[in-house]
Amino acid sequence: MASEARLPARLSAQLSLQRGQKELGFTLEVGLEFEPGLSVLFGPSGSGKTTILTAIAGLLAPARGRITLGDEVLFDTQTGVDLAPNQRRVALVFQSLALFPHLDALGNVAYGVPGRVRKAERSELAHAWLTRMRVPHLARRYPSSFSGGEAQRVALARALASEPRALLLDEPFSALDRSLVNELGSELSAHVDSLALPVVLVTHDRKLARELGREVTLVRAGRVECVGPAGEVLPDHD
Amino acid sequence: MDLEPLLLSFQVATVATLLASVLGVAIAAVLALPRVWGRELIDALITAPMVLPPTVLGYYLLVLLGRESPIGQAFERVTGGPIVFSRGGAVIAAMVGALPLISKAARAALESVDLRLVGAARTLGASPLRAFLTVSLPLSRRGILAGVMLGFARALGDFGITLMVAGNIPGQTRTASLAIYDAVLSGRDGDATRLSLIMTGLAMSVLIGVGLLSKQRQDGF
């Protein structure tokens, strides 16, 4: 598989969005640091988590801020840098997954394979990702026929096939039942550790956040409340 | 019965619909962008042919493209013949009639595409143009196709704009609609009836086709 000799980069984002921008009910003002590996961005619904991911991916411009990935500046209001989403190499998996309904699983995954890959190798590469995500049998099927877990796996395969330098996951397992959440959660952990890139998982699922056992950034009403190990930031109330 | 006007109608309408489709989808794509200055003004200008009298439209086109106008003179210098009162004029007349139907349908279809799909395409490395061509366009193809079919039916049946801009020249600009008018004026009732029935049949076929198209499940890929 093609890979670049590049050190894993840390993802850093200082964002500020005004109240009212993107239907926010508050001013969003956060400074976030994500080391390579899996990090959890935790917060109640409506705390601005999705907005943060959308801004990092470049689909929404903050009023002020600076986003860097390693030594590359993706966005900086002071120097006027604002890389287009397709130049950032930050893959975002939406909560709705946003699989292309007119393409089969293979077509979806091949969509993000970088342009420098030769045509003949694209579908091979896409197939390899479907296999890694344990859904090679879906290759010729369309998203409308996928189960929740299958769609999740295809969406993840698609994001990773684009060779991102950072991966953002918005409430990835929200529509699945508990046993599947645990299964996919531990699979994801294993994948992420082999990939060496910052992966930010947004959730308001306390149990999932604790089970993943990674560093948790707690966001509430557009502010970072605290950062630390899951056990400390999210004490078990049960 | 002389079939030439029918054939001419088909030729003119086909070329006009092709031109109007490219132009209409391009305009719709611009109008569907998140921030466009004067969006509703542009939309109103494109839609105007649906409500303005054909004579008004035809008059504007005569002024714009006539032999005295800069565009008309430039065209004449290049091709050796005028746009107005020629087959080209008939094509432009039919195109103006078809354009609002196509661009309206295309705009509605493009605006109904889930923006998250476009966003996903962008974060996967697609340029705005590639995202449009590979995601927005295929996902709105049904709506666009319905508009194109309506546009074709409209182009096929144009009378007023064609008469103003292209006249009524046998074999050149005398399309089926104009031939019916001629037949009635010269008392050839049989010809008028036959042509009218054929035109009605064509229009009904298109409308039934559009109806079937919009009834199909949107997710039936």
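This is a predicted model: local features need pLDDT of at least 70, side-chain atom pairs count only at pLDDT 80 or more; totals for chains, interfaces and linings use all residues.
A crossing of two helices is left-handed if the near helix is turned anticlockwise from the far one by less than a right angle, and right-handed if clockwise.

**A helix pair in chain B**

α10(B) passes α11(B) in a left-handed crossing. Helix α10 of chain B covers residues 176-185 and helix α11 of chain B residues 189-215; they pack at an angle of about 155°, with their axes 8 Å apart. Angles over 145 degrees count as roughly antiparallel, which makes α10(B) roughly antiparallel to α11(B). On the α10(B) side, B:Ala176, B:Ala179, B:Ile180, B:Ala183 and B:Val184 take part, meeting B:Asp191, B:Ala192, B:Leu195, B:Ser196 and B:Met199 in α11(B).

**The sheet in chain A**

Strands β4 (residues 64-69) and β5 (residues 72-76) of chain A are joined by 4 bridges, and A:Leu69 stands opposite A:Glu72 in β5(A).

**Where the chains meet**

Between the chains, 20 residues of chain A are in contact with 15 residues of chain B. β7(A) gives the largest share of the chain A side, 3 residues.

Here is the make-up of two contacts:

| Contact | Nonpolar | Polar | Charged |
|---|---|---|---|
| Side of chain A that touches chain B | 13 residues | 6 residues | 1 residue |
| α10(B) with α11(B) | 8 residues | 1 residue | 1 residue |

Key: Residues are numbered from 1 along each chain as its sequence is written. Chains are lettered from A and ligands numbered from 1 in the order in which they are written. Two residues are in contact if their C-beta atoms, placed from the backbone, lie within 7 Å. Helices (H or I, at least four residues) and strands (E, at least two) are DSSP runs, numbered from the N terminus. Ala, Val, Leu, Ile, Met, Phe, Trp, Tyr, Cys and Pro count as nonpolar, Asp, Glu, Lys and Arg as charged, and the others, Gly among them, as polar. Axes are lines fitted to C-alpha atoms, for helices over the stretch in contact, and angles run from 0 to 180 degrees between N-to-C directions. Angles under 35 degrees count as roughly parallel, over 145 as roughly antiparallel, 65 to 115 as roughly perpendicular and the rest as oblique. Two strands pair if DSSP finds at least two bridges between them.
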